[in-house]
Amino acid sequence: MTFSSLPFIFYFLPLFFLLYYLLPASWRQAALLAGSLFFCAWGSPRGMLLLLALIGLDLLLGRYLAPGRRRARQRLLLGAAILLNLLPLLLFKYSAFMADSVSQLTGLSLSVPDWVQPLGLSFYTFRSISYLVDVWRADSKPAASFLDLAVYLAFFPQLLSGPIVRYSWWQQQNLRPQALTWLRLQNGCRRMVIGLAKKLLLADRLAAVWQTVHQVNPGNLSALTAWIGAICFSLQIYFDFSAYSDMAIGLTQLLGYDSPENFLYPYVACSVTDFWRRWHISLSFWFRRYVYIPLGGNRRGRLRQWLNILAVWALTGLWHGAAWNYVLWGLYYAALLLLEKQLAPRLKLPLWPARLVVLLLNILGWVFFAHPSLPEIPAYFSAMLGLGQAGAADQQGLYLLLTHGLLILLGFIAATPYPRQWWQRLAGLSACPESAERGLTPQTGFACVQAPATESTAAFWRPQKRLAAWLQVTGLLLLLLASLAFSVESSFSTFLYFQF
Amino acid sequence: MKSSDRLQSTQPDTKHPPAPRRRPLRLAFLLPLLLLLLPLWQLVFPQQSFSTAENRALTTRPVLTWSGWLDGSYTTAFTDFVQDQFPFRRFWTGLATGLRLAAGSRDNGKVYFGREHYLFLMSDSEQEQTPKQLQLNLQDLAEFAETTLPDDFPGTSCSLLLAPAASSVLPELLPAYATQAEGAQDLSLAAAALVQLAPDLLQPDVTAALQQASSLYPADSDQRLYFRSDHHWTQSGAYIAYRTWAESVGLAPREPSAYAVKTVTEQFLGTTYAKAQLFTQPGDALQVWYPTAAAFDLAAISITDQDGQPVSLYDDSKLDGDAYEYFLGGNHARLTIENPGADRQRTLILFKDSYANSLLPFLLPHYARIIMIDLRYDRDSVRSLLQTESAAGTEADCLILYSYQQLLSDNYLYLLNR
């Protein structure tokens with residue numbers, strides 16, 4: 001049940017919402033757990049059992065990990081606990097990949113059963129690890145009850161695609177749901193509609209263009225078609241995933257909880273480092289906090305830091321999918337980051353050229369990501385250079401440019417903070433820099449994972465002028481209508497990020 | 001105290017302006033509760049099991065079973081049900097199409113939105129497997145023409161009439177730079193391959209004739225060779241195909257003047273419309289070439305289907321739905337058409353898809369008996385039919401009439417040799 005599917009919007013969401021707020025406040029956590037388990041079981045009933053088992057296991061393990069006298073023994077237990085938590089992920093997601101790779105390397109023919117990966121496994125595994133580590137480090141207390149931990153791990157708005165909220169943050173911010181206020185209702189609805197529109201009006205349309213291009217053998221693509229394909233893929237993966245985050249954040253607010261932001265206009269980043277502070281922020285933060293820094297970060301000499309960066313990015317790539325092209329994609333970014341660390345002190349580009357260079361690098365990076373079949377990658381790059389059979393431009397490329405050029409342009413505009421700023425000026429909203437609104441300062445980068453989009457910052461969105469308020473409501477309703485039209489029309493199309 | 005209170009309250013707080021007392025429009029955010037109307041609607045109102053607008057079966061409310069839940073089929077069916085039984089579904093799908101077109105798109109993945117209100121089928125995603133299927137089908141055709149027919153029914157000539165898609169005949173009406181769903185080139189390649197495989201098979205070039213004829217008609221005239229909202233040819237298009245075929249097999253075709261053309265409906269919206277869901281699509285005129293006495297005597301014709309039931313050449317009851325089914329009432333597995341007043345006492349064995357339904361009336365004056373077989377529905381052995389007819393000493397011709405699109409994906413042509 002994706003958030004943009006009709007059963008979710010018309011059945012699950014309103015029914016659950018009504019029930020949730022008709023129940024006394026003390027019952028809401030239990031209702032939330034029941035709703036989340038139902039949501040999980042809707043997609044995969046067996047996955048729900050796995051999730052329940054994991055919750056029970058972590059509850060038990062957490063009790064023994066809180067700092068005590070026998071730290072060495074606890075350290076061993078933590079290692080075992082993390083391995084135990086990773087086990088389902090390794091089995092369901094990576095066993096086929098590992099068997100394949102070993103077979104190719106050694107010539108042995110290993111085969112593993114073709115298991116269906118439970119929905120959201122990659123996401124809740126990472127949340128459960130953050131729980132264990134945070135408890136072990138005494139960043140947070142062990143969960144007081146099964147319900148506390150279960151709601152954190154199974155929380156349905158974040159179950160399938162994050163954001164991956166770490167436990168210590170959750171415990172400070174979200175242990176109990178807050179009362180529903182008008183502001184919460186408004187913000188939640190607004191985010192939900194914006195997410196729906198991004199998914200159904202932009203991401204799915206752009207994905208269709210990419211699908212058209214992807215069907216063609218890369219050797220037969222013209223440069224124009226290949227570039228249109230790569231650009232459409234870049235835009236659609238951003239809109240797809242950030243739409244999902246928008247909806248998750250909106251739903252979280254509607255249920256009386258808070259959520260950190262997950263995306264911050266990544267395609268206006270002015271450096272690769274900057275890009276990764278804006279793209280899938282909660283994942284980058286997770287890898288930084290639970291892998292990079294424990295490995296020693298940058299404190300153990302340059303060589304060690306480089307190795308750490310390589311390891312972290314190979315893992316980040318692998319997290320996105322069990323295939324070598326994802327590893328390549330991760331290593332591509334590792335290489336760019338290392339290069340950037342060398343060049344940055346010497347080379348200072350003005351803002352816009354820097355943005356364009358980074359955008360270009362990102363588009364090229366997605367070519368790795370989009371081709372699980374490795375030989376297609378060099379073929380696609382050479383098509384982009386015009387070295388393919390079709391040369392610089394062909395009929396297909398011109399057709400796609402004519403029929404989807406406007407959509408691509410709209411996509412680029414919607415991927416920048418400018419529409420938001422125009423609206424703020426037009427509606428006479430308080431001038432609020434995007435970074436402050438999202439609790440992010442350019443210097444600290446990851447700080448936004450600490451600070452939620454709280455009510456006080458979200459109030460920036462409430463127009464005080466009557467005309468602006470009318471415009472906002474009308475605009476949101478029109479977006480909702482248009483999105484519903486595509487949702488009714490579409491055959492069930494899933495979010496790209498569910499496969500991870 | 002009082003004075004200081006007053007002082008404080010009168011001082012304008014520049015950092016935090018007091019919220020205005022009327023919060024504009026916040027009740028609008030209760031609108032989402034209206035979402036609950038949908039489950040109610042879908043509970044109360046009767047379900048539709050078929051959509052005439054989309055020409056397909058709709059999913060109805062699935063029954064919850066334990067196994068259906070576990071294997072995920074229930075949740076899939078439930079999603080389809082909510083989508084298919086959505087109130088005013090046509091409005092929503094039409095809105096989506098309108099938005100697509102407004103954003104500059106000229107296709108929806110199923111059809112091209114061409115000029116002059118023409119909708120052209122796009123090659124679908126199954127295309128990847130089609131070259132293989134096409135190859136198999138060409139081999140089956142060749143085996144039939146070169147082996148099966150001469151063995152089982154010696155002395156019978158065989159011809160193939162390949163109907164091109166509208167996009168091959170009217171490529172200038174496709175959106176700019178659109179790659180043709182079916183390139184005229186692909187079609188001629190297939191024909192050339194078949195000449196190699198089956199030199200005895202007669203292949204009149206219908207595509208060239210239709211292209212030539214279309215250049216005679218302006219695109220906006222009433223004379224259309226293909227429907228704008230349906231993938232079939234009109235009877236005008238069928239006539240040209242018939243004429244080309246008749247001349248190539250040495251028959252004297254009836255002249256157009258032997259027919260009286262009448263429009264039976266102006267509101268025909270066909271198969272490509274069902275895939276396009278466009279509000280502004282104008283209805284097509286279904287023009288029927290009724291034979292006058294100069295063509296043949298319509299009253300003498302008798303048509304029976306595989307069960308011996310009479311079938312009428314024109315079926316008025318179909319005019320409200322898929323009006324192309326006006327011809328013969330749609331596809332039948334096997335029809336036997338007798339015309340005692342025909343020019344010759346010969347039999348025609350016709351293997352066909354739906355393109356033949358509108359062409360059949362033109363064949364009637366030339367054959368006393370036509371056996372029309374749709375291999376997609378007919379399960380009787382073709383070879384035993386041929387052997388029976390051969391033993392009975394029938395004089396016969398054989399015609400295979402398929403659209404190229406059907407030939408690309410058809411899975412039943414192997415039955416020709418069974």
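I looked up A:Leu221 and recorded it as buried, because its relative accessibility is 1% (buried means under 20% relative accessible area and exposed over 50%, with partly exposed in between, for a 1.4 Å probe and protein chains only). The model is predicted, so local features need pLDDT of at least 70 and side-chain atom pairs 80 or more, while totals for chains, interfaces and linings use all residues. Residues are numbered from 1 along each chain as its sequence is written, chains are lettered from A in the order written, and side-chain values use heavy atoms, without hydrogens and water.

I placed A:Leu221 in the loop between α9 (182–215) and α10 (223–254) of chain A; helices are DSSP runs of H or I with at least four residues, numbered from the N terminus. Its C-alpha is 8.9 Å from that of A:Ala392, although the two are 171 residues apart in sequence.

I then turned to A:Val165, in the loop between α7 (156–159) and α8 (167–174) of chain A. A:Val165 counts as buried, because its relative accessibility is 1%. Beyond four places in sequence, I found that A:Val165 touches residues including A:Trp170 and A:Pro260 (contact means heavy atoms within 4.5 Å).

Next I examined the interface. Chain A contributes 47 residues to the contact and chain B 49 residues. I noted one salt bridge across this interface (a side-chain nitrogen of Lys or Arg within 4 Å of a carboxyl oxygen of Asp or Glu). A:Glu489 pairs with B:Arg100 in a salt bridge, with the closest N and O atoms 2.6 Å apart. On the side of chain A that touches chain B, α22(A) gives the most, with 14 residues.

Note on methods: Helix = DSSP H or I, 4+ residues; strand = E, 2+ residues; numbered from the N terminus.
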